[in-house]
Amino acid sequence: MIDLATVRRAADAALSRAAELGLSVSVVVCDDRGHEVFGCRGDGASWQTVEIARAKAQTAASFGRDSAALGTMREKWPDVFAIANDALPFRATSLAGGLVVIRDGRTLAAVGVSGALPDQDVEIAEAARALF
């Protein structure tokens, strides 16, 4: 179980890291089932970044692995994503920047970041994940 205070501190850590890098991003934190707990669009971030960050976080939570790690699965077994997209209430993605938070071998939460280059999104999301 995650609490709102921790989630907000994690989002703040991500936004602070983005500011250090001179970037504007959106951050979304989901619970273990992919339900959004907190989301925000940072100052100057494009309107679509919050939707992309949400998809990244929901994907990481639902699959129990970082979103970018799903790229190989998507290439080798495209039907998995097609079926997942039919079954899930959101569109799954293999874009980098969705990080799963694992504790005691179980998914606790997931963080999604969007608005920068893929490696930067991951770096910023790592700042949030470290708070858990």
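**Exercise 1. Find out what share of the contacts in the chain with a separation of 6 or more comes from residues 24 or more positions apart.**

Solution. Start with the term: a contact means heavy atoms within 4.5 Å. Now take the contacts with a separation of 6 or more; residues 24 or more positions apart account for 62% of them. Keep in mind that this is a predicted model, where local features need pLDDT of at least 70, side-chain atom pairs count only at pLDDT 80 or more, and totals for chains, interfaces and linings use all residues. Residues are numbered from 1 along each chain as its sequence is written, and side-chain values use heavy atoms, with hydrogens and water left out.

**Exercise 2. Work out the order of the strands in the sheet and name the edge strands.**

Solution. Step one: list the elements. The chain has five helices and four strands, where helices (H or I, at least four residues) and strands (E, at least two) are DSSP runs numbered from the N terminus. From that end they go α-β-β-α-α-α-β-β-α.

Step two: look at the pairing, which takes at least two DSSP bridges between two strands. That gives an open sheet, ordered β2-β1-β4-β3, with antiparallel pairing. At its edges sit β2 (36–41) and β3 (98–103), each pairing on one side only.

Step three: zoom in on one pair. Strands β1 (residues 26–31) and β4 (residues 106–114) are joined by six bridges; one example is V27, whose bridge partner in β4 is V113.

**Exercise 3. Describe how helix α1 meets helix α5.**

Solution. Two packed helices are described by the angle between their axes and the distance between the axes. Axes here are lines fitted to C-alpha atoms, for helices over the stretch in contact, with angles from 0 to 180 degrees between N-to-C directions.

On the α1 side, A10, A13, A14, R17 and A18 make the contact, and on the α5 side E123, I124, A127 and A128 do.

**Exercise 4. Is D121 buried or exposed, and which residues does D121 touch?**

Solution. First, find D121: this residue lies in helix α5. Next, check the cut-offs: buried means under 20% relative accessible area, exposed over 50%, partly exposed in between (1.4 Å probe, protein chains only). D121 has 3%, so D121 is buried. Finally, skip neighbours within four places in sequence; the contacts of D121 include V25, K56 and V113.
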